[in-house]
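Here are a few notes to go with your first look at this one. Have the structure open while you read them.

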Amino acid sequence: MPCEMVDPIEIIKKEHQIIQKYISELDEMTYSVSVNVRDLSFMFKEVFRFLEQHEKKEELLFEALSDGGYEIAIEQVKFEHGDIKEKRDIVLKAINKGDEGEIKGVLHIECAELVDRIKAHILAEEGAMDKIRWDKVDKDTVEKIELLQIVPSRKLL
Ligand SMILES: [Fe+2]
Ligand SMILES: [Fe+2]
């Protein structure tokens, strides 16, 4: 099917690569004994700013695909996004409070778990997307998705 639109599944997948890179940096910080709180705070906020934009696109795309009869567990995806946000807020709260001991405690437990959850979440999404070929998606669904204007992050350009 000729389509001038960039494959949105490909956009999501490429953004996953960026998130995975971010996440492994964050992961390293959680295990580092001499973590710099300022660096961590900056990095953490950066990661989640990106992740939030990504999740918005993802929910729009997955919802449209799911409506079109494609096998995407949209409710599960949304639930996991909420779950990730909850954990993120716990870490963010400690970061904003600025107490170093507390931040380190939260890092080893909450943040480490957050990293694991994001990794598992991405893996599940990739698995679902691997079953869908954009050039085989029906015309109605493609038209609906085109209207959503899912654009790649500037970091991909
Ligand atoms: Fe997601
Ligand atoms: Fe994702």
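Predicted model: local features only at pLDDT ≥ 70, side-chain atom pairs only at ≥ 80, totals over all residues.

1. Start with the largest nonpolar core, which has 17 residues. Its members that touch the most others are Phe44, Val47, Val91, Val106 and Cys111. Two or more residues come from each of α1 (8-31), α2 (37-67), α3 (74-97) and α4 (100-130). The top contributor is α4, with seven residues.

2. Next, pick out Phe44. Setting aside neighbours within four places in sequence, Phe44 is in contact with Leu26, Val91 and Ile95. There is also another core, apart from the one above, made of 11 residues. Ile12, Phe62, Ala64 and Ile150 are among them.

3. Now for α3 and α4: how do they run relative to each other? Their axes come within 10 Å and cross at roughly 160°. An angle over 145 degrees counts as roughly antiparallel, so that is how α3 and α4 are arranged. Their crossing is left-handed.

4. Which residues make this contact? On the α3 side they include Val77, Ile84, Lys87, Val91 and Ile95. On the α4 side, look for Glu102, Val106, Cys111, Leu114 and His121, among others. What is the make-up of the contact of α3 with α4? Its residues divide into 11 nonpolar, 10 charged and one polar.

Methods
Residues numbered from 1 in each chain as written. Chains lettered and ligands numbered in written order. Core = buried A, V, L, I, M, F, W, Y, C linked by C-beta atoms within 7 Å. Buried ≥ 20, exposed ≤ 12 C-beta atoms within 10 Å, placed from the backbone. Helix = DSSP H or I, 4+ residues; strand = E, 2+ residues; numbered from the N terminus. Contact = placed C-beta atoms within 7 Å. Axes fitted to C-alpha atoms, helices over the stretch in contact; angles between N-to-C directions. Parallel < 35°, antiparallel > 145°, perpendicular 65-115°, else oblique. Left-handed = near helix turned anticlockwise from the far one by under 90°. Nonpolar A, V, L, I, M, F, W, Y, C, P; charged D, E, K, R; others polar.
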